[in-house]
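Here is a short tour of one structure, written for someone who likes to check the geometry while reading. Please keep the viewer open as you go.

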Amino acid sequence: MRLSPVWIAALIGVIGACGSPSTIAGVTPTTSASSSPASGDSPTPSDAPTPTDWTVYTNKAGQLTFSAPADWGVQNCDIPGQGYVVAEHATNSGPACGRGENYTLWLFGISMSGDQRQSLPPNGSSYVYTAPISATADAVADGVRGYRYTARIDTDRGGFPPPKGTDQVLYVFFNGQRTYAFWYEHWPTDPDRTPDFDQLVQQTLRFSA
């Protein structure tokens with residue numbers, strides 16, 4: 001992963017302040033690409049077509065398009081060489097694009113040139129705090145095979161978000177040219193958007209060269 005120096009500096013500063021874990025090198029996924037995921041671990045998005053009230057987003061720098069519910073407040077952000085998307089809990093701190101602060105986000109997606117999977121969970125811990133991976137399942141988006149990871153935050157992080165009881169879902173794909181990662185956090189005080197998030201990734205996400 002390579003962000004602009006200013007963005008990286010801001011991001012690292014905030015993550016460090018929030019108690020982000022060190023890199024989790026060498027962690028073995030619960031299931032491998034060639035094995036069947038444990039019962040209940042596989043995503044089960046609806047086979048229904050994308051709802052007509054969803055908004056279509058095109059991220060030129062990230063070379064991707066996707067659809068999301070219109071009321072999610074998604075911001076579609078581009079920086080040189082990369083693209084990212086965010087949705088966050090209401091704050092008075094201004095727009096999320098370019099700010100580098102990610103502890104208020106419940107949706108985060110990023111696209112990076114090359115194979116960056118070693119810097120992402122379960123191998124690394126870049127960009128957002130991710131609890132230890134508890135389950136892994138095969139996933140497919142736009143014909144590209146990848147993984148769907150799940151985790152749960154079982155400890156109080158000293159008052160820093162995300163709170164105890166948060167369930168996390170992470171998708172990671174590499175299409176031979178770019179790495180794509182999408183996180184979703186279900187805070188215990190929020191409605192559960194997991195089915196819509198799975199549909200966003202598995203049915204609407206499209207990659208371009």
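Aspartate 198 and arginine 148 form a salt bridge, with their closest N and O atoms 3.0 Å apart; the term stands for a side-chain nitrogen of Lys or Arg within 4 Å of a carboxyl oxygen of Asp or Glu. This pair links distant parts of the chain, since aspartate 198 sits in helix H2 and arginine 148 in strand S7, 50 residues apart. Helices (H or I, at least four residues) and strands (E, at least two) are DSSP runs numbered from the N terminus. Both aspartate 198 and arginine 148 are buried, where buried is under 20% relative accessible area, exposed is over 50% and partly exposed is in between (1.4 Å probe, protein chains only).

A word on the basis of these values: this is a predicted model, in which local features need pLDDT of at least 70 and side-chain atom pairs count only at pLDDT 80 or more, while totals for chains, interfaces and linings use all residues. Residues are numbered from 1 along each chain as its sequence is written, and side-chain values use heavy atoms, leaving out hydrogens and water.

By the salt-bridge rule, the count comes to six. Three of them are set side by side here.

| aspartate 198 | arginine 148 | 3.0 Å |

Arginine 152 counts as partly exposed at 41% relative accessibility. Salt bridges with shared partners join Arg152, Asp154 and Asp167 into one network.

Strand S10 also belongs to an open sheet of three strands, ordered S1-S2-S10 with antiparallel pairing; two strands pair if DSSP finds at least two bridges between them. Its edge strands, S1 (54–59) and S10 (206–207), each pair on one side only. S1 and S2 (residues 64–69) are joined in the antiparallel sense over six bridges, and valine 56 has serine 67 in S2 as its bridge partner. Helix H2 (residues 194–204) packs on this sheet, touching S1, S2 and S10, and its direction makes about 150° with that of S2. Such angles run from 0 to 180 degrees between N-to-C directions, with axes fitted to C-alpha atoms, for helices over the stretch in contact.

Helix H2 also holds threonine 194, which is buried at 17% relative accessibility. Leaving aside residues up to four places away in sequence, threonine 194 touches Arg148, Val169 and Tyr184, contact being heavy atoms within 4.5 Å.

Tyr184 leads on to the aromatic residues. The structure holds 13 aromatic pairs; rings of Phe, Tyr and Trp (its six-membered ring) pair if their centres lie within 6.5 Å, with planes under 30 degrees apart counted as stacked, over 60 as edge-to-face and the rest as tilted. Tryptophan 106 and tyrosine 184 make an edge-to-face pair, 6.1 Å centre to centre with 90° between the planes. Tryptophan 106 is in strand S5 (residues 105–113) and tyrosine 184 in strand S9 (residues 178–186), so the pair ties together parts 78 residues apart in sequence. Tryptophan 106 is buried at 5% relative accessibility, and tyrosine 184 is buried at 1%.
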